[in-house]
Amino acid sequence: MSIATGVPALTPDEAAHGAQVEARLRAEIARAGGWIGFARYMELALYEPCLGYYSAGASKLGAAGDFVTAPELAPLFGRCLAVQCEEVLGTLGGGELLELGAGSGAMAATLLAELERRDALPRRYRILDVSADLRERQRETIAAAVPGLADRVEWLDRLPGDFTGVIVANEVLDALPVERFVMRGGEVASLGVAVREGRLAWCEGPASERLVEAVRHIERDTGAAWPEGYFSEVNLALGPWLGAIAAALARGVMLFVDYGLPRREYYSPERSEGTLLCHFRHRFHEDPFARPGLQDITAWVDFTAVAEAALAAGLDLAGYTTQAHFLLGSGLDGFLAEAAGLGVVPRAQFSRQAMLLTLPGEMGERFKVIALARAYGARLRGFDLRDLRHTL
Ligand SMILES: C[S@@+](CC[C@H](N)C(=O)[O-])C[C@H]1O[C@@H](n2cnc3c(N)ncnc32)[C@H](O)[C@@H]1O
């Protein structure tokens, strides 16, 4: 432990890796003339091949890593999601599952096991993840948890063409690189990265036309009057990213789960310092320059932007609600009722999982679920209890 901060000290290997990542970032900044936008910084720190947080060997998810997600914490999450997937696959009369950014593989294993239990297995479960290192971990998790179903799982290098079925992604949108902007005298500036007094540091630079246009669009849409120095994040890559996924979906539904807000709340004048968060050893903080390559960097999701990008890509906005309402609509109470017949310990585990997933002070309200559909007009049970589309 480092006594000063309470954060565990880096091992020599971690320190050496962190130094390599920082050298790569400094070289990029020098090559660009002394300054890079924050999205480029985030892309390199998280995804640079062999170096970035998601591309190198850090543990990342789980108790030995830096953060835990709903599928890691609570299999009930994946079991409820399976109920929603079963409904869509049933309506489509078949189809497949595609998971984007599958992390440790925990959600894939739970979904497959629950769909088998319900006699609703898809022909194939496909996974597309940018991290080669996590792919190996996913293979191991699935082989250990559901060995009989492992041969249904296929790892993709790119999006498939003509996909019919359900596309799921938990906590992937928040991991996409974002730009940071700051308001100066009513103008938009870009808060990027430079080296100052020998250290990586925030530094204002000129905003690209795309960044100015995106920020002005948010201002117009929200009617926000931001104070001088207001800063926040915006994801300029969301449209093309979602457009490519939409182009792959011939028929079916996408379900994205993440922490985020409708635009009006995300960019409210009071939320004047953005939503960027870093995770290292189960502690969170706001300094993306602290341990590049060794810590996760995320930003909350503007779900209005997701809905806009989906509509622009020809998809329908089929649902938007809190995680709590989605899980309750997807059979959470049924699973709890089943657990009533079990022993005291599994019953206690079930109710603890349900509380973590649904209580407002835990993940229940911070996390939202958005459903985007193509050629799919049927009901989605996860959105029956509370439909919040009007808030976007
Ligand atoms: C925060 S983790 C979430 C993992 C998992 N879904 C979970 O909930 O435990 C983000 C995941 O998204 C993956 N990822 C990031 N950007 C991606 C992209 N553009 N396409 C596919 N996967 C991506 C990462 O490699 C990682 O597996």
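This is a predicted model: local features need pLDDT of at least 70, side-chain atom pairs count only at pLDDT 80 or more; totals for chains, interfaces and linings use all residues.

Me: Why does Cys 85 count as buried, and why does Cys 50 count as exposed?

Reply: Buried means under 20% relative accessible area and exposed means over 50%. Cys 85 has 0% relative accessibility, so Cys 85 counts as buried, while Cys 50 has 63%, so Cys 50 counts as exposed.

Me: What makes α2 mostly covered?

Reply: Helix α2, which spans residues 38–47, has 7 buried residues out of 10, namely Phe 38, Ala 39, Tyr 41, Met 42, Leu 44, Ala 45 and Leu 46. These buried residues pack against α1 (12–31), β5, β6, β7 and β12 (296–298), and the helix itself lies across β5, β6 and β7, running at about 45° to β6.

Me: Why are β7 and β8 said to stand at the edges of their sheet?

Reply: The sheet is open and has 4 strands in the order β7-β6-β5-β8, with antiparallel pairing. β7 (199–206) and β8 (231–234) each have a single partner strand, so one side of each is left without a neighbour in the sheet. Neighbouring strands of this sheet are turned by 40° against each other on average, direction ignored.

Me: How do you know that β5 and β6 pair?

Reply: Two strands pair if there are at least two bridges between them, and 4 bridges join β5 (residues 179–184) to β6 (residues 187–196), so the pair meets the rule. The two strands run antiparallel, and Met 183 stands opposite Val 188 in β6.

Me: Why is α4 called roughly perpendicular to α13?

Reply: Helix α4 (residues 75–92) and helix α13 (residues 344–358) pack at an angle of about 75°, with their axes 8 Å apart. Angles of 65 to 115 degrees count as roughly perpendicular, so α4 is roughly perpendicular to α13. The contact is made by Pro 75, Leu 76, Phe 77 and Arg 79 of α4 and by Phe 350, Gln 353, Ala 354 and Leu 357 of α13, and by class it has 6 nonpolar, 1 polar and 1 charged residues.

Note on methods:
Residues are numbered from 1 along each chain as its sequence is written. Side-chain values use heavy atoms; hydrogens and water are left out. Axes are lines fitted to C-alpha atoms, for helices over the stretch in contact, and angles run from 0 to 180 degrees between N-to-C directions. Contact means heavy atoms within 4.5 Å. Buried means under 20% relative accessible area, exposed over 50%, partly exposed in between (1.4 Å probe, protein chains only). Angles under 35 degrees count as roughly parallel, over 145 as roughly antiparallel, 65 to 115 as roughly perpendicular and the rest as oblique. Ala, Val, Leu, Ile, Met, Phe, Trp, Tyr, Cys and Pro count as nonpolar, Asp, Glu, Lys and Arg as charged, and the others, Gly among them, as polar.
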